[in-house]
Amino acid sequence: MNPRTPQDAPGAGHELAWTPIAEEAVRAARVLHPEENQLPRPLRRRVLTVANQKGGVGKTTSAVNLAAGLALHGLKTLVIDLDPQGNASTALNVDHRSGTPSVYEALLGEVSIADAAAVSEQSPNLLCVPATIDLAGAEIELVSMATREARLKEALTDEALDQLGVDYIFIDCPPSLGLLTVNAMVAAQEVLIPIQCEYYALEGLGQLLSNIELVQRHLNPELAVSTILLTMYDGRTKLADQVTQEVRGHFGDVVLKTVIPRSVKVSEAPGYGQTVLAYDPGSRGAMSYLDAAREVAERGAQEGRA
């Protein structure tokens, strides 16, 4: 996003002159009063698996903040927490104590996705199917089940999703390429890959892409890598620019224009049971995730797929 000039800025020609603080206040107001900035609905319901087997790349953070950005601006969004650590459930402040209806019971066919979904207090448009500690043993249990790779797909019925009325579903995967991640890929049409702007950014990415190709070939021919989001960008380093250029050069338009900066506020937010959009809506991290959510929505409205 290009910085505004004083002539373009709010208050230009009036008593209030443009300042960086005033700019941040205006941007925060857009988050706090989203009714004036509604995002377009997708041409069809979109199911995105957020995957990267490397830990600490901003996978869960990206899933919950993109979902929150879409939800705050008028799109009904569901986050499915498929990581036994339950970090997405924590960030959305959704109960995920043992015994809570969760994705584990949905995988076993004991409850429907609609019954397991809980509304996040951050937006009435933001729903979450939580992960409880019971999910930790799910991969072992699933091995002996029929259609073990398609349990999540079977749970995500049109009837259940129509009942929830959702436009977007984000499936937050564990940092592995195990059976839970395969279930997420079989259930989705799209994969969103967060890649951090650091030295080891592309390490292991080849294995992830190989697994996606295997799922395409044998289990879900509709699956495609639709979106790559660059995270943890530090503008003070040349390395961040080099990684950014390398990823854009290799993947082209699949990479979102928006880059998520390294931000203390983004890291702090889950500790308060919030997304960064709720925790500090005027921060650079919040604005970047909102810009990324807008890109995702605009691509979905134009093409049906980012």
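Reader: Does Tyr-272 count as buried or exposed?

Author: Tyr-272 counts as exposed, at 56% relative accessibility. Buried means under 20% relative accessible area, exposed over 50%, and partly exposed in between, with a 1.4 Å probe and protein chains only. This is a predicted model, in which local features need pLDDT of at least 70, side-chain atom pairs count only at pLDDT 80 or more, and totals for chains, interfaces and linings use all residues. Residues are numbered from 1 along each chain as its sequence is written, and side-chain values use heavy atoms, with hydrogens and water left out.

Reader: How many aromatic pairs are there?

Author: The count comes to three aromatic pairs. Rings of Phe, Tyr and Trp (its six-membered ring) pair if their centres lie within 6.5 Å; planes under 30 degrees apart count as stacked, over 60 as edge-to-face and the rest as tilted.

Reader: What about Tyr-199 and Tyr-200?

Author: Their ring centres are 4.9 Å apart and their planes stand at 80°, so this pair is edge-to-face. Tyr-199 is exposed at 62%, while Tyr-200 is partly exposed at 48%.

Reader: And how are the rings of Tyr-272 and Tyr-279 arranged?

Author: Those two are stacked, because their planes are at 25°, with the centres 5.0 Å apart. Tyr-279 is partly exposed, with a relative accessible area of 23%.

Reader: Now the cysteines: how many disulfides does the structure hold?

Author: It holds zero disulfides, a disulfide being a pair of cysteine sulfur atoms within 2.5 Å.

Reader: Where does Cys-128 fall, buried or exposed?

Author: Cys-128 is buried at 0% relative accessibility, and Cys-173 is buried with a relative accessible area of 0%.
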